[in-house]
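Q: Hi, could we go through this one together? I'd like to ask about a few spots as we go.

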Amino acid sequence: MRRAFIMVQDVVMVLVAVALSLVLSRSNLSFDALSKEGLATWAGIVVISHLLFRYSGLYTTVWRFASTPDFFNILKSCAILTFTLYMASLLLRFYRPVAGLNERQFIVFFLVSFTIISAPRLFYRFLRDGASWGILGRKSDDTEPKRALFVGRLGEADLIIRFTRTAQPADYSIAGIMATERGAPLGTRIQGVPVVATMPRLIDVLEDYATGTKSLDLLIFGSGAEHEIEDYSELVRIARHGDINVVQFSGLSELEQHGKLVLDTVEMETILRRPAVASDIQRIGAFVSGKRVLVTGGAGSIGQTLVKRSLELGAEAVLVADNSEFGIFQLSQYVDEKDHDRLKVRIVDVSDRRQIMRVVTEFRPDIIFHAAALKHVPLLEENWDSAIQTNIFGTLVCAEVAAKCGVAQFVLISSDKAVDPSSVLGMTKRAAEQIISALHGEPGGRLPATKFIAVRFGNVFGSNGSVATIFQAQIEAGGPVTITDRRMTRYFMTVAEAVDLVIMSAADAASRQSGDDYAVYMLDMGKPVPILEVAETMIRLSGKSPYKDIAIRFTGIRPGEKLHETLHGEDEELVELGISKVFGLSTDVVEWSDVQVALSALQQSAKNQDKAAALAALAGLDRAKKARASARQDAIPKTAGQAS
């Protein structure tokens, strides 16, 4: 009905334009407009204009979102209609002279037709935009929209202002624009909203708003602003200190009949502004697309992101194997509804060979990402047997089942704590790496169908149980924030970066032939970050002062913890792979026979609840590795100079 009404309206407007063009140009036609010839002329104009407007797409445009190209389409259609009618008049005059008709009437017709056809659409857009009510001083309800300041590029500002006005009821009202482009015109307006600041005076202007001289409820950063603005962290701190909520624009969505902004809470991982690692989407997409992916520990922080990323990259199906019922439920809320058909879940224990065999046999995965692990350092010092069962024997079970079922690739998610381990966690992750390395390098191709690799990296910022989540909870509770030692440092990487680089490592491993491949990959995480600096930054960004509003208490290093972690050992050589932030590690590998001996002793120690014997068995793996390295060095012929 709406489209039919618009069609009738356009036809009427064309007829009105014809009449006005004749009146305005003072034409005296030689025939009566209501005669048979006149009525036939009107009917012809109606048919021609309707067919032309329909063909030009005037009735497929959503006019509440109309923009310059849509009005240019009206201009073009009116020009074509004018030309068509002019050519028809020339043809008519060839057969029958018509007085009072010349080019002047058609010029006037073109101008009038464009004006009166576009005017209703422009007025409709004006009403739907919400700007009309602000200008006329009217409100659709009693709810006062939140006053917001936008920080970003002018192009995004234009888009955001338009969509904030489209929303009914209006959630936000953009009060000013802080432009990030250098040389942006200060004091000018975009859709009536002033540009109140440009770089480098963003901080000064925001402080005026935050100190109460101008009321403000919200600070909206444009997409990618954290990489464009040097003082990004300081702007967030000032806003939060002034009780101004901080969000970041990440896109648009259409809900019912209204445009909506998608605004994300500014995450701590963004605030620290660790340089983002650019992902090779084409390569990791080609690797995952069409594959069947199994993620053990898929309900954890890294596991969840691996699941979601695999679905985004076009995996045929993704199966989550985890022993946490609640974690799997949370994952189902985390994954987009459109991907639920490709998502399978199983509640299993990774160390239960029967369960894992059934899952792998039924699902038939092409890739297994083994992220299942226990990871809390102090807890595992007490619960060492659980750490051994999950981190070591869980890895062994999953790897052997993968080999037996012919899974193409098995990827272990490892940890920097596996390097020179000082904790039960580190020793179990080290043993898991050695199992994978031994299976990877097994001579003679005992397990030829499966390619085994481990990917080693440090802390994932914002993951469950990480220092960021602990600090955030302590800050919200009013403190104190607890740190074991003021000298402690850690490597940090966002979960999104880590997952993409894990997939990239797997893609690289899949393309390498034996002899040119690596059992262990390492992610370059930049420089280690002082934990004290993380705590102080998070306190300031919450709008409070460290040591004054929120106390920081040092508790002392806990059992198994180290002051500083390292990503590779002295006996491991970093190899450039031509991939940003990913290295191969060239290292000596423990023989599979030595691994079997150590695992047998470890199993017996765990059964006897003998922690000392269990740790000795794990240390035996390192001794076997060092003996192998020493034997290899002795086998290298010495030069004459060295012999002397």
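**Cavity, helix and contacts**

A: By class, the lining of the second largest cavity has seven nonpolar, one polar and no charged residues. Here Ala, Val, Leu, Ile, Met, Phe, Trp, Tyr, Cys and Pro count as nonpolar, Asp, Glu, Lys and Arg as charged, and the others, Gly among them, as polar. Before we go on, this is a predicted model, where local features need pLDDT of at least 70, side-chain atom pairs count only at pLDDT 80 or more, and totals for chains, interfaces and linings use all residues. Residues are numbered from 1 along each chain as its sequence is written, and side-chain values use heavy atoms, with hydrogens and water left out.

Q: Which residues line the second largest cavity?

A: The lining is made of L294, T296, A321, I356, V359, V360, I368 and C398. A cavity is a set of points on a 1 Å grid over the protein atoms alone where a 1.4 Å probe fits but cannot get out, and lining residues have an atom within 4 Å of a point.

Q: How much space lies in the second largest cavity?

A: About 40 Å³. Grid points are joined across faces, edges and corners, and the volume is the space filled by probe spheres set on the points.

Q: And which helix gives the most to that lining?

A: That's α14, with three residues. Both α14 (353–363) and β8 (292–296) supply at least two residues each. Helices (H or I, at least four residues) and strands (E, at least two) are DSSP runs, numbered from the N terminus.

Q: Back to C398: buried or exposed?

A: C398 counts as buried because its relative accessibility is 3%. Buried means under 20% relative accessible area, exposed over 50%, and partly exposed in between (1.4 Å probe, protein chains only). C78 is buried too, at 0%.

Q: How many disulfides turn up?

A: Zero, in a search of the whole structure. A disulfide here is a pair of cysteine sulfur atoms within 2.5 Å.

Q: New topic: how many residues of α12 are buried?

A: Ten of its twelve, so α12 is mostly covered. Among them are S301, Q304 and R309. Just after α12, G314 takes a positive phi of about 95 degrees.

Q: Last one: where is Q9, and what is Q9 in contact with?

A: Q9 is in helix α1 (residues 2–24). Leaving aside neighbours within four places in sequence, Q9 is in contact (heavy atoms within 4.5 Å) with P120 and R121. Q9 also lies 8.4 Å from I117, C-alpha to C-alpha, though they are 108 residues apart in sequence.

Technical notes: On a 1 Å grid over the protein atoms alone, a cavity is a set of points where a 1.4 Å probe fits but cannot get out, and a pocket is an open set with protein on both sides within 12 Å along at least five of seven lines; lining residues have an atom within 4 Å of a point.
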